[in-house]
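Please look through the sequence and the structure shown here before reading on. The paragraphs below them are meant to be followed with both in view.

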Amino acid sequence: MQATTSWGSAGTVIGGRYRLEQPIVKGAMGTIWRAEHTQLRTPVAVKLLDPLLARDQEMRGRFLQEARSAAAVRSSHVVQVFDSGVEDGVPYIVMEFLEGESLDVRLAERGPLSPGELRKIFGEVARALAKAHSLGVVHRDIKPSNIFLSREGPYEITKLVDFGIAKVKSEALSFTHVGTKMGTLLGTPQYMSPEQARGSCTVDYRTDLWAMAIVACECLTGRCPFSGRTVGDLTIQICTERPTAPSELGRVPRGFDAWFFKATGKSPGQRFKSMAAMEGALTPILVAAESRAAAARRPPRWLQQSFRRPTWLSRGWSWPALPALPSLSGLSWLPASPRVRELRAACATAVSALAARWLQLRSRVQASLAQWWDTLPEERRRLALLAMLSLFGLTLLVASSVFRQEAPPRGSVIPAAAAAPPASAGGARPPAASSR
Ligand SMILES: Nc1ncnc2c1ncn2[C@@H]1O[C@H](COP(=O)(O)OP(=O)(O)O)[C@@H](O)[C@H]1O
Ligand SMILES: [Mg+2]
């Protein structure tokens, strides 16, 4: 975006103390600027109403109403409004400057959210809306671009922005009064409730519940449940048709469809009673999905189990037994004289001690393995399991070759008695061959 817009340019000082620095985004109603508070030297965001819209007195009134509505809902999940006013006939709102991205950008860049991610974002927006509803403020424009994921140090906090068409209980203005500018104001109608799409004057907080259900569906599946191409098609679908089940649009947790259909009852009375009730019903569905996903990610049980160190095993002493392993394998290749057999027995004992020591280390090895397993992408896990099993098989093979029964050397003369043919039927057993 260029550093100038149809109104306002970098360097302009608004309200005597907010210096415009850079336009952030050109929205439906105006432009959001990054600015600096000239006295405090802190960054702020300044929203300027489009000069064309600013000619309309009703628009100006509505724009300044946005500032009052957002300021009224004092919540850590609503963008903080510091100031508002009119400069050269153009109204402006000064807000805290948020760093991060809006939910629509996040979804476009990273695709659908996990149940855990949705639980956090949904919970935070629900808290903001519950507060707004308790004060008689209805947002009426809940959609991903009005949900901002603000980066605050290592944390991410969800903030609701754009109370541009919010309705306040005491306010006489109704939706229908917006007239031909309605399309401009609302942007995409995909999140509108049937009563809002019909332009009903009796829109209440339950319109936000509807929109939150559509947002939740989009977050999990990446798609909206109403797919009309034109505003007219969409309005008819929203007012008369059942939305597509989220499970037909993408992967959703068990129970999500039922929650979604309850939240999008055509009549407001069929929906949840409040934002808190709606969130309360969604949370266990998402938590169950999270734990199922965590269980699927967890390393196999045998990899997790930690072995207790045998109490009789004293620290350190088994390390000197380490050379016993190669000695044992070396000894197994020698002819089995009584001396060699004794040596083999001693080495086998030392190797057993070493194995016990290894058990002691095993829990640490397992912990690291489990950690590594956690970081592995899903498709690599099967391969890793196969590799581990092959390694285990190979180890067994090597071990069995070390302990194998020694075969008589090739070409050696077999004693006559051992080579004697089997006893003839009814005949006496031949005398046992003398041991080697
Ligand atoms: N305080 C802020 N700090 C930083 N970015 C903001 C702020 N408020 C809004 N934005 C960005 O500007 C976009 C449009 O703001 P919004 O208030 O929704 O305007 P519009 O009425 O034009 O839709 C938001 O989606 C968000 O990305
Ligand atoms: Mg907006």
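The model is a predicted one, and its confidence deserves attention at the outset: the mean pLDDT of the protein is 81, and 77% of the residues score at least 70. Over residues 1–6 the pLDDT is below 50, and this stretch has 11 contacts in the model beyond near neighbours in sequence. Residues 422–436 likewise have a pLDDT under 50, and for them the model has 9 contacts beyond four places in sequence. Where pLDDT is low, the predicted coordinates should not be read in detail.

The protein has 15 helices and 11 strands, and of its 436 residues 31% are buried. If one takes the contacts between residues at least 6 apart in sequence, 62% of them join residues that are at least 24 apart.

One helix to follow through the model is α4, which covers residues 115–134. Helix α4 has 20 residues and reaches 27 Å from its first C-alpha to its last, close to the 28 Å expected at 1.5 Å a residue. After α4 comes Gly-136, which has a positive phi near 85 degrees.

Two packed helices are described by the angle between their axes and the distance between the axes. For α4 and helix α11 (residues 275–297), the axes come within 10 Å and cross at roughly 170 degrees, which means that α4 is roughly antiparallel to α11. By class, the contact between these two helices has 11 nonpolar, 4 polar and 3 charged residues.

Not counting residues up to four places away in sequence, Lys-131 touches Val-73 and Ser-75. Lys-131 and Ser-75 are 56 residues apart in sequence, yet their C-alpha atoms are 7.4 Å apart in space. Lys-131 counts as partly exposed because it has 19 C-beta neighbours inside 10 Å, while a residue needs 20 or more to be buried.

Helix α7, residues 206–221, has 16 residues and spans 23 Å from its first C-alpha to its last, close to the 22 Å expected at 1.5 Å a residue. Because 16 of the 16 residues of α7 are buried, this helix is largely enclosed by the rest of the structure. Gly-222 follows α7 and has a positive phi, near 85 degrees.

Most residues other than glycine have a negative phi, and most peptide bonds are trans. Arg-41, however, has a positive phi near 60 degrees without being a glycine, and its place is in the loop between β3 (30–37) and β4 (43–49). Arg-140, also not a glycine, has a positive phi of about 70 degrees, and this residue is found in the loop between β8 (137–138) and β9 (147–152).

Are these two arginines buried or exposed? Arg-41 counts as exposed because it has 7 C-beta neighbours inside 10 Å, whereas Arg-140 is buried, with 23 other C-beta atoms within 10 Å.

Note on methods
Residues are numbered from 1 along each chain as its sequence is written. Chains are lettered from A and ligands numbered from 1 in the order in which they are written. This is a predicted model: local features need pLDDT of at least 70, side-chain atom pairs count only at pLDDT 80 or more; totals for chains, interfaces and linings use all residues. Helices (H or I, at least four residues) and strands (E, at least two) are DSSP runs, numbered from the N terminus. A residue is buried if 20 or more other C-beta atoms lie within 10 Å of its own, exposed if 12 or fewer, and partly exposed in between; C-beta atoms are placed from the backbone. pLDDT is the predictor's confidence in each residue, from 0 to 100. Two residues are in contact if their C-beta atoms, placed from the backbone, lie within 7 Å. Axes are lines fitted to C-alpha atoms, for helices over the stretch in contact, and angles run from 0 to 180 degrees between N-to-C directions. Angles under 35 degrees count as roughly parallel, over 145 as roughly antiparallel, 65 to 115 as roughly perpendicular and the rest as oblique. Ala, Val, Leu, Ile, Met, Phe, Trp, Tyr, Cys and Pro count as nonpolar, Asp, Glu, Lys and Arg as charged, and the others, Gly among them, as polar. The expected span of a helix is 1.5 Å times one less than its number of residues.
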